[in-house]
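Hi everyone, thanks for coming.

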Amino acid sequence: MKQLRAIWAYRFFIISSIKTEFRSRFARSSLGGVWMILHPLAQVAIYALVLSAVLKAKLPNIDSQFAYAIYLMAGMLGWSLFSEVFGRCITIFVDNSNLIKKIAFPKITLPLIITGSVLVNNILLLGAILIVFGILGHIPTLQLLWLPLLMFVTLALALGFGLMLGIINVFMRDIGQIVPILMQFWFWLTPIVYVADTLPEEYRNFFYYNPMTGIIEGYQNILVYDRSIDLSTLTYPIILACISIILALFMYFRANEEMADAL
């Protein structure tokens with residue numbers, strides 16, 4: 001309860017920090033926040049060009065020349081939300097060590113600032129993707145109303161895992177070097193570029209131990225296939241997100257005092 005009261009007391013600090021980060025990120029750029037949308041869209045365009053046009057990749061149950069690009073954009077939307085929050089939480093306390101040493105404030109506000117900033121970026125990216133979908137003739141349905149739940153689970157999972165490793169990284173700096181490598185494996189173990197149903201049947205269940213598989217399939221069901229989310233594949237990520245958040249908060253309360261000295 002003490003931390004919740006602290007978060008409420010510092011709510012204006014959190015909001016102003018999100019605004020400041022958003023402005024400073026593109027302060028000297030002529031295109032400003034447009035770059036935030038162009039980067040992931042360019043990445044998707046490269047994948048779509050190589051895998052859809054050059055390798056002639058096909059999607060089952062969809063008869064459209066743009067189906068693969070739509071499929072990639074749906075998966076990348078979910079993955080970018082997870083990977084950015086997770087990746088930034090790993091170094092959150094180390095990157096803000098000077099601030100933590102000089103100013104007395106609840107450190108738990110830092111992941112909330114990151115979450116707010118990344119969420120704003122991701123919502124703008126979603127808007128850009130929906131415009132591209134419209135141009136390609138793919139109009140999403142009211143199943144879009146499931147997206148807030150999916151985004152909430154994605155953020156909870158990223159925050160839980162990211163905060164745990166971020167706390168460990170204060171004491172073991174190797175974590176910050178290892179995680180980017182592991183993230184590359186994690187990306188390719190998640191059905192973003194490929195379809196899970198095309199995997200060999202004997203290995204398919206193994207991929208569902210990856211909590212991002214159910215989440216990314218949820219994005220694809222909503223944005224590509226106009227279906228509701230499959231709760232049977234989302235239950236495991238939800239449980240894992242709850243457990244990781246509880247463990248992260250436990251570790252934070254235990255290490256809160258020692259972190260300032262270690263930094």
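Predicted model: local features only at pLDDT ≥ 70, side-chain atom pairs only at ≥ 80, totals over all residues.

Residues are numbered from 1 along each chain as its sequence is written, and side-chain values use heavy atoms, with hydrogens and water left out.

Which residues does S244 touch? Leaving aside residues up to four places away in sequence, S244 touches A156, L157, G160, F161 and M164. S244 itself sits in helix α12, residues 231-262. Helices here are DSSP runs of H or I with at least four residues, strands are E runs of at least two, and both are numbered from the N terminus. Is S244 buried or exposed? It counts as buried, because its relative accessibility is 2%. Buried means under 20% relative accessible area, exposed over 50%, and partly exposed in between, using a 1.4 Å probe and protein chains only.

Rings of Phe, Tyr and Trp (for Trp, the six-membered ring) pair if their centres lie within 6.5 Å; planes under 30 degrees apart are stacked, over 60 edge-to-face, and the rest tilted. By this rule there are 12 aromatic pairs. Take F82 and W186: they are edge-to-face, 5.0 Å centre to centre, with 70° between the planes. F82 is in helix α4 and W186 in helix α9 (residues 174-188), so this pair links distant parts of the chain, 104 residues apart. F82 counts as buried at 0% relative accessibility, and W186 is buried too, at 17%.

W186 also pairs with F161, again edge-to-face, at 6.4 Å centre to centre and 85° between the planes. Because F161 lies in helix α8 (residues 147-171) and W186 in α9, the pair ties together parts 25 residues apart in sequence. F161 counts as partly exposed, at 22%. If you step back, W79, F82, F86, F161, W186, F187 and W188 form one aromatic cluster.

Next, how do the helices pass each other? Axes are lines fitted to C-alpha atoms, for helices over the stretch in contact, and angles run from 0 to 180 degrees between N-to-C directions. The axes of α4 (residues 67-90) and α11 (residues 211-223) come within 9 Å and cross at roughly 135°.

For α8 and α11, the axes come within 10 Å and cross at roughly 160°, which means α8 is roughly antiparallel to α11. On the α8 side, the contact is made by L147, L150, M151, V153, T154 and L157; on the α11 side, by P211, M212, I215, G218, Y219, I222 and L223. These residues divide into 11 nonpolar, two polar and no charged. Here Ala, Val, Leu, Ile, Met, Phe, Trp, Tyr, Cys and Pro count as nonpolar, Asp, Glu, Lys and Arg as charged, and the others, Gly among them, as polar.

One last stop: G87, in helix α4. G87 and F161 are 74 residues apart in sequence and 9.8 Å apart in space, C-alpha to C-alpha.

Conventions. Contact = heavy atoms within 4.5 Å. Parallel < 35°, antiparallel > 145°, perpendicular 65-115°, else oblique.
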